Structures are given as C-alpha cells and as structure tokens.
Amino acid sequence: VGLLVLMSLSAIWVYDAITQSPFFAIKQVDISGSQRVGEDEVIQLTGVTDQTNLFQINLKTIEQQICCHPWIARASVKRSLFSTLVVTIVEEDPLAIVNIENLTDLIINTQGHPFKEYDPQKDQLNFLPIISGMDLTRAGDAYQFEGPLFNAIMEVLKIKDFGRINTIMGDENIGVTIETQ
C-alpha cells in the first residue's frame with residue numbers, strides 16, 4: 001500500500017512538473033493553409049499565449065475553437081518538439097453568393113452548403129456568380145438549400161467550360177435563367 005501511494009504521488013509530481021514547467025511554454029505557433037484568415041486571428045482563436053504550457057492544452061478543444069470561424073472548414077492541431085504548436089487549416093472554397101429575399105446574402109461552398117453571411121467590404125467576392133430565387137429549408141439543426149431547382153443550379157455551376165457566370169435566377173415554374181459574359 002505504501003509503495004502504491006508513493007508511486008501515485010510520484011506520478012502526480014511528474015505530471016505537475018511537466019504541465020507547469022516554463023521549459024514547455026509555447027514559444028512558436030506554425031500555421032499552414034491560411035489564406036483568408038490571418039495568422040494573428042488564428043492565434044487568437046486558439047486562445048494560447050506565450051505563457052501557455054504545451055502539455056496543458058486540449059488539442060481537440062483548440063481545433064473546435066478554430067473551426068468556429070466561418071471561413072475555416074477543418075483544422076488540425078498538433079504538438080511538435082518542446083515548444084511548438086502546429087496548426088493546419090483547410091478553408092472553405094466559395095462557389096457562389098445566394099441572394100435570399102428579406103434576408104442577408106449567403107456564401108455557399110462547393111458542396112452547396114451556406115457557411116457565411118456575405119459582407120461585400122470584407123469578403124471581396126465580386127467574381128462569384130449571384131444566385132437568386134432560392135429558399136432555405138431546415139434540415140435537422142441547420143438550414144440548407146435543397147430540391148430539384150437547387151440541384152439544377154449546382155450542376156450548371158459544376159460545368160467548367162461554361163464561361164464566367166454573372167447571375168443565375170431560379171424559379172420553380174420557369175426553371176433556371178443564366179446571365180454570362
């Protein structure tokens with residue numbers, strides 16, 4: 001019993017020594033895959049400082065915090081050597097801007113999922129086609145676009161040699177009207 005207590009106390013002491021040691025403080029954060037989201041913004045999303053211990057953080061929690069940013073689709077966080085945190089980001093790939101009556105414009109990704117409200121000053125995506133005539137439907141706990149009209153519009157957007165599409169207007173009764181250059 002005495003040996004078990006001594007081993008337990010030793011394990012606790014070693015754990016505390018590692019997680020509280022300034023030797024394992026995060027001195028560098030390596031970020032890759034970030035184009036739209038600035039490195040300072042990613043570091044702020046992680047919540048780490050130069051005083052944060054590398055072994056005291058929860059990597060899954062930091063990944064979830066980073067993924068809360070609308071432009072970030074996926075994130076991977078790993079420890080590297082004694083003082084480096086490695087963050088790998090996959091950003092959303094915008095496909096089009098959807099104009100919904102009486103609501104804000106939304107940006108959809110290549111899978112057709114809305115991921116962010118469109119802000120012309122910040123986003124600067126005036127090269128994307130603008131889709132109108134679509135409505136959001138509730139699927140579970142999220143809103144998305146679906147139906148034959150939306151599927152037809154997505155098929156048109158997947159055609160590579162179609163040229164630059166300015167606007168796509170969808171109507172359940174008429175069909176799809178496309179304006180190109």
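This is a predicted model: local features need pLDDT of at least 70, side-chain atom pairs count only at pLDDT 80 or more; totals for chains, interfaces and linings use all residues.
**Stop one: a nonpolar patch**

Select Val1, Val5, Leu9 and Ile12, which make a nonpolar surface patch of about 430 Å². Now pick out Leu9, which sits in helix α1 (residues 2-20). Is Leu9 buried or exposed? With a relative accessible area of 53%, Leu9 counts as exposed, because exposed here means over 50%.

**Stop two: helix α5**

Next, select helix α5, residues 148-158, and colour its buried residues: Leu149, Phe150, Ile153, Met154, Val156 and Leu157. Turn the view to look down the axis of α5: these buried residues fall within an arc of 160°, so they line one face of the helix.

**Stop three: the salt bridges**

Side chains of opposite charge can pair when their charged atoms come close. How many salt bridges does a search of the whole structure find? It finds two.

For one of them, select Glu63 and Lys60, whose closest N and O atoms are 3.6 Å apart. Both residues belong to helix α3 (residues 59-67), three residues apart, or about one turn of the helix. Glu63 is buried, at 14% relative accessible area, whereas Lys60 is exposed, at 56%.

Then select Asp123 and Lys116, whose side chains form a salt bridge with an N to O distance of 3.2 Å. Here Asp123 is buried, with 3% relative accessibility, and Lys116 is buried too, with a relative accessible area of 16%.

Conventions:
Residues are numbered from 1 along each chain as its sequence is written. Side-chain values use heavy atoms; hydrogens and water are left out. Patches are made of residues with over 30% relative accessible area and no salt bridge: like charges are joined within 9 Å, nonpolar side chains (Val, Leu, Ile, Met, Phe, Trp, Tyr) within 5 Å. Accessible areas come from the Shrake-Rupley method with a 1.4 Å probe; for residues, only the protein chains shown count as cover. A salt bridge is a side-chain nitrogen of Lys or Arg within 4 Å of a carboxyl oxygen of Asp or Glu. Helices (H or I, at least four residues) and strands (E, at least two) are DSSP runs, numbered from the N terminus. Buried means under 20% relative accessible area, exposed over 50%, partly exposed in between (1.4 Å probe, protein chains only). The arc is that of the directions from the helix axis to the C-beta atoms.
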